[in-house]
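Dear colleague,

Please find below the structure that I am handing over to you.

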Amino acid sequence: MLPTRSTVHALKTSRNIAASLLCTLALLLTSAAQAESAPDLFPFEVSYGASMEKGVSLNGSAKRILTSQGNDVWLYRTEVKSFIADLDESLVLKWEDGKVVPLRYRYRLSGLLIKDRKQSIDFDWKAGVAAGDYRGKSFKVELQEGILDPLGFQVQLHQDVLNGKREMEYQVLDRGKIDSERFAVVNDDASGTDGSRSSLLKAEKIRENSKRETLMWFDPDSEFVLVRLLQVEPDGSKYELKLKSVDLGG
């Protein structure tokens, strides 16, 4: 039986939101360290289960891998597998003085009932220019200190959380434009539905004039690994990531 128009529309809408969620807000972890000192990066591999519901229920998985390339250069990679889309996203970054310096960003999305999407960004810090391509259209952007990419800001966010910051703002280059990404962090001391208390640290993405809500929970007792991510759409649809396994390298 061919899918109905409403089912196709639901799949496309789910793919757009799920891809955005998994690309930009999943797996924000780096190292275990005391909040008063800037932690160093170390290799890891983390897997998550992904559940999505938008007219139809969809399930998938997400994986993030960080590996050292030597000389403070790291490869940060995302792999997402689901019924509606497969995603491959990667970043080569330089780790300098506790800060992420993006060097090479790549993104590719493909799947059911969608057109392939690709983006590339190469950062030339000596020349002060980032050159990229999105959906076959080239762009160049003048670089300023601190500008990040869609993956690099996630690493920086977690480092800032570990160092005690509770309000953060980042300038992120994506699709040829630089936008501000804002977050606030609070202790979730009463999240249980039965009145029980939780020691998890909760981060929220700050949006203006939007009913969309994105929340992230980190476990301070397990090296600040992201254990859950939840996005609620204005229509009530929910998209969620839950930790399945973690391998923290030394």
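Arg108 is partly exposed, with 43% relative accessible area; here buried means under 20% relative accessible area, exposed over 50%, and partly exposed in between (1.4 Å probe, protein chains only). Asp116 falls into the partly exposed class as well, at 44%. These two residues, Arg108 and Asp116, form a salt bridge in which the closest N and O atoms are 3.5 Å apart. The term salt bridge stands for a side-chain nitrogen of Lys or Arg within 4 Å of a carboxyl oxygen of Asp or Glu.

Before the other findings, a note on the basis of these values. This is a predicted model, in which local features need pLDDT of at least 70 and side-chain atom pairs count only at pLDDT 80 or more, while totals for chains, interfaces and linings use all residues. Residues are numbered from 1 along each chain as its sequence is written, and side-chain values use heavy atoms, with hydrogens and water left out.

How many salt bridges does a search of the whole structure find? The search gives eleven.

One of them pairs Glu181 with Lys205, with 2.8 Å between the closest N and O atoms. This pair links distant parts of the chain, 24 residues apart: Glu181 belongs to strand S10 (residues 177-187) and Lys205 to strand S11 (residues 201-206). Strands (E, at least two residues) and helices (H or I, at least four) are DSSP runs, numbered from the N terminus. Glu181 is buried, at a relative accessible area of 17%, and Lys205 is buried at 14%.

Strand S10 also holds Arg182, whose side chain meets that of Glu208 in a salt bridge (3.3 Å, N to O). Glu208 lies in the loop between S11 and strand S12 (213-219), so this pair ties together parts that are 26 residues apart in sequence. Are the two partners buried or exposed? Arg182 is partly exposed, with a relative accessible area of 33%, whereas Glu208 is exposed, at 61%.

Ser47 counts as buried, at 16% relative accessibility. Which residues does Ser47 touch, not counting those up to four places away in sequence? Its contacts (heavy atoms within 4.5 Å) are Ala62, Lys63, Lys242, Leu243, Lys244 and Ser245.

With kind regards
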